[in-house]
Amino acid sequence: MCLEAMRRVISITAHERWRTYIQPMSTTNNRAAWIQGPSAQCETTPEGALLPWRLILLGAPGVGKGTQAELMNRRMRACHLSTGDVFRASGSRPDCEQSPAMKEALGYMRRGELVPDSTVWEMVRERSGCLHCSGGFILDGFPRTLGQAESLKELMDHEGLKLTAAVNYTLPFSEIVARLAGRRTCGRCKAVYHATERPPKVEGKCDQCDGTLFLREDDRPESIKVRLEAYERSTAPLIEFYRSLGLLLEVAAKGSPDDIFESTFTQLEARRVREVAQKILVAQADRCE
Ligand code: AP5
């Protein structure tokens, strides 16, 4: 590798302009195409990022994936795509508007069991346009089985989309149960609170849209137990899957949501700078030869 190539990498990664490509921005997205289906149009889509973040969030139910995805959406522009949100939105539609597959999926969900891969994959495949969102994406709650992870990899390889990282959040079991039991969700905008850790300003009301907060049906103790067992059995193996692809990033989910976000973002940013610097070095070295 020649000295000139080395100098170029240092000057590019240290340059202020580079920071603007990876700096957090504050843009949100209404996710209509994801939540309501591909025929719906999002009201706002983020302007194209030079290097969009394409992330998968892993971790047990209640570890705080949705909370982090919301912060990432606001600060990194990438769209928050949660499969659980799609099922819940469909459950709130009139009975006659629900397909038999969706009714069946809601039954699994209420019991805390995983929805069958075929139903989940059909739903994600229909919405695969969202994976091309110019602002990038944060997949929350998908993939959840090896089968789903393999299907997603195949689709992304086929569409020429590269995953940035799979972030795995970890937290002791007792704290996970406390987070789930205290969770309150807004029925209108889906914002998430915690009865004691992140309470709304007015009890039972959403700070953002004044919607009514409710306790999710699957946050009852009997469903929590089933969900945690399903996680251990089916989702935990994904940690090794993404580690073997060199995409895994482990983050302790302790501390405030903002601290966890900062820790995640710092690691993601460092990883991205390393990757880009390496690519520039290789390209420059090729030219020097
Ligand atoms: P889904 O909606 O994906 O739920 P989940 O993965 O079980 O995750 P949760 O939403 O329960 O928790 P979270 O990690 O997002 O935590 P949150 O940020 O809310 O799936 C629900 C169901 O749908 C599944 O059980 C399944 O049936 C079905 N399903 C969905 N996708 C599927 C798929 N791909 N395959 C098969 N089935 C599928 O935080 C939890 C609480 O903690 C909140 O109150 C929050 O305010 C609080 N909190 C968060 N961070 C902190 C912090 N740092 N400190 C203190 N409190 C915090």
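T83 lies in helix α5, which covers residues 83–91; helices here are DSSP runs of H or I with at least four residues, strands are E runs of at least two, and both are numbered from the N terminus. This is a predicted model, in which local features need pLDDT of at least 70 and side-chain atom pairs count only at pLDDT 80 or more, while totals for chains, interfaces and linings use all residues. Residues are numbered from 1 along each chain as its sequence is written, and side-chain values use heavy atoms, with hydrogens and water left out.

Because its relative accessibility is 3%, T83 counts as buried, a class that means under 20% relative accessible area, with exposed over 50% and partly exposed in between (1.4 Å probe, protein chains only). When neighbours within four places in sequence are set aside, T83 is in contact with W34, V120, M123, V124, D140, G141, F142 and R144, where contact means heavy atoms within 4.5 Å.

## Packing of α5 and α6

Helix α5 packs with helix α6 (residues 100–111) at an angle of about 115°, their axes being 10 Å apart; axes are lines fitted to C-alpha atoms, for helices over the stretch in contact, and angles run from 0 to 180 degrees between N-to-C directions. That angle makes α5 roughly perpendicular to α6, given that 65 to 115 degrees counts as roughly perpendicular, under 35 as roughly parallel, over 145 as roughly antiparallel and the rest as oblique.

On the α5 side the residues G84, F87, R88, S90 and G91 meet M102, A105, L106 and M109 of α6. By class, this contact of α5 with α6 has five nonpolar, three polar and one charged residues, with Ala, Val, Leu, Ile, Met, Phe, Trp, Tyr, Cys and Pro counted as nonpolar, Asp, Glu, Lys and Arg as charged, and the others, Gly among them, as polar.

## The three-stranded sheet

An open sheet of three strands has the order β6-β5-β7 with antiparallel pairing, two strands being paired if DSSP finds at least two bridges between them. The edge strands are β6 and β7, each of which pairs on one side only.

Strand β5 (residues 183–186) is joined to β6 (residues 192–194) by three bridges, among them those of R183 with H194 and of T185 with V192. The hairpin of β5 and β6 has five residues between the strands, and K190 in this hairpin takes a positive phi near 70°. Two bridges join β5 to β7 (residues 213–214), and T185 stands opposite F214 in β7. Helix α9 (residues 173–182) lies across β5 and β6, running at about 40° to β5.
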